[in-house]
Amino acid sequence: MIRIFTFLFGGCLSVMAADFATGTVFHDVNKNGKRDAGEKGLPNVAVSNGQEIVETDEQGKWKLPASEDVIFFVIKPGGWMTPLNKHKLPQFHYIHKPKGSPPSRYPGTVPTGPLPKSIDFPLHKQDEPDKFRAIFFGDPQPQTQTEIDYIANDIVAELIGNDAKFGVTLGDIMFDNLSLFGSLNRTIALIGIPWYNVIGNHDLNFEAKLDRYSDETFERVYGPPYYSYDYGKVHFIVLDNVDWNHDEQRNRATYRGGFGKRQLAFVKADLARVPKDRLVMLMMHIPLTTTGDRKDLYRLIEKRPYTLSISGHTHWQAHQFIDRGDGWMGAKPHHHIVNVTVSGSWWKGAKDERGIPHTIMRDGAPNGYSIITFDGAKATFDFKAARFPKSHQLRIHAPISIASKDSAKTIVYVNVFSGSKKSTVKLRVNGGPWAELKKTDEVDPYYVQLREAEIKNKVPGPELNAPTTSHHLWKGPLPANLIKGSHTLEALTRDMYGREFTARRVIRVE
């Protein structure tokens, strides 16, 4: 028997289906992507058309409604894996567009013709430990090959040979120039692990008049814009919350944050299959707190004990704990991560000895990526600054020199790049007593001074963006009447997981 999971979200949703698609999910023993003699069908594996979900029967067979524009995909179960293409992109879907994609400067799918007699999805076994690591990129966003080369040497080179099980790019894979998808994919593939992708607002076909046609190029390269998969005991859901809108009267196009009823119906059907003791990890581009229909998503996940979500888009780092003030009704706040971006401040700033801009983000945190360690229903977040050791987690900002009489009036700032309201920060001078610093909602003066100096010195290239409020900044005064000479400032932060990190800076008192 084929089990069907389908939910009508916010009213009646009709699927204009002239036909049904059928196929088999099978054990691809020799990993050649084809069903050979003796390779058995796999029961109880989920397959979707983007709204309904069915589970395969005892022979691995599935059947779903089809339309003239649909992507069928298998939901990878734990302990199994789909094939990868030469760019390490998971191949878990079949695109059915009999007439192909609408004309565009960036090609979509060529006409696929009628439905195949059988759409078969190969899976092969793989070991998946309960404890594993995954890499998360926010907004690589290159608009030229030169910027792809920045990514290669600023980020990719140091990740080759790491022990992460897979990676995810959280949207804005590109900066509008979709012809560069292939070059960036080849570069990221050097890391050597499977790589999943989320659609961002700069990954769209901008000339599309309707949202449904805005992701045609993305679909050709990466597959469906939303889907899910299991790894170990964690359920991952990739979401598309970029709602494209073309205003005919004003002759302009824009986007907004939104999931839409069809996608939410998929999420509801998907979660119906996931045990409550599993961690559900939601991945999107636009932060959840600025997505218009987020409360509809809240209703689907807030009764689950273990959820986590992550986004990119803003080019600043933050840990948000969503509570009743935003309409969340769960027993405890939902943790949403606004991820550090690979491109930082869009590849701006003075270049280092390698010719790569420092591209510090406008909240004062370095560009980079994150690594999340999953252990059953627990997840631990690590910020990794590009070109720095992993211990580089905070920066002290203070004057190089001060007068002794002014020491008590001198404010020291500490930017803890992945800090949150659950972090503590303290400061001491020359190994003396610790003084607690106060969290503050300000722009980082380090970033302000850096930007002003680069503008004044006419650093080549576009100037850094205006600063934005940092969500991870602490401040406090120096002790009074510091004696003349050199002094060591030491900052110590404790994060939400109880881990401690330190940084030092030397100042001179005159």
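**View A. Phe417 is a buried residue****.** At 0% relative accessibility, Phe417 counts as buried (buried, under 20% relative accessible area; exposed, over 50%; partly exposed, in between; 1.4 Å probe, protein chains only). Phe383 is also buried, at a relative accessible area of 2%. The model is predicted: local features need pLDDT of at least 70, side-chain atom pairs count only at pLDDT 80 or more, and totals for chains, interfaces and linings use all residues. Residues are numbered from 1 along each chain as its sequence is written, and side-chain values use heavy atoms, without hydrogens and water.

View B. Rings of Phe, Tyr and Trp (its six-membered ring) pair if their centres lie within 6.5 Å; planes under 30 degrees apart are stacked, over 60 edge-to-face and the rest tilted. The count by this rule is 26 aromatic pairs. One of them joins Phe166 and Tyr231, whose ring centres are 5.6 Å apart with the planes at 55°, so the pair is tilted. Phe383 lies in strand S22 (residues 378-385), whereas Phe417 lies in the loop between strand S25 (411-416) and strand S26 (424-429), so the pair ties together parts 34 residues apart in sequence. Ring pairs also join a cluster whose members include Phe73, Phe132, Phe166, Tyr231, Phe236 and Phe374.

**View C. Five strands make up an open sheet****.** The strand order is S12-S11-S10-S21-S22, with mixed pairing (two strands pair if DSSP finds at least two bridges between them). Strand S12 (195-198) and S22 stand at the edges with a single partner strand each, so one side of each is left without a neighbour in the sheet. Strand S21 (residues 368-375) runs antiparallel to S22 and is joined to S22 by eight bridges. Within S22, Phe381 is the bridge partner of Ile372. Helix H1 (residues 145-159) packs on the sheet, where H1 touches strand S10 (131-137), S21 and S22 (contact, heavy atoms within 4.5 Å).

**View D. Met281 sits in the largest nonpolar core****.** This core has 71 residues, and those with the most contacts inside it are Trp62, Phe136, Phe236, Met281, Met283 and Phe374 (core, buried Ala, Val, Leu, Ile, Met, Phe, Trp, Tyr and Cys residues joined through side-chain atoms within 4.5 Å). Beyond residues up to four places away in sequence, Met281 touches several residues, among them Phe136, Val234, Leu308, Ile372 and Phe374. A second, separate core of 36 residues includes Leu159, Ile173, Ile191 and Trp244.

**View E. Helix H2 is mostly covered****.** Six of the eight residues of H2 (residues 181-188) are buried; they are Phe181, Ser183, Leu184, Asn185, Thr187 and Ile188. The elements that cover them include S10, H1, S11, S12 and helix H3 (216-222).

View F. Arg387 is found in the loop between S22 and strand S23 (394-397) and is partly exposed, with a relative accessible area of 26%. Asn481 lies in the loop between strand S29 (473-477) and strand S30 (485-494) and is exposed, with a relative accessible area of 61%.

Terms used: Helices (H or I, at least four residues) and strands (E, at least two) are DSSP runs, numbered from the N terminus. Axes are lines fitted to C-alpha atoms, for helices over the stretch in contact, and angles run from 0 to 180 degrees between N-to-C directions.
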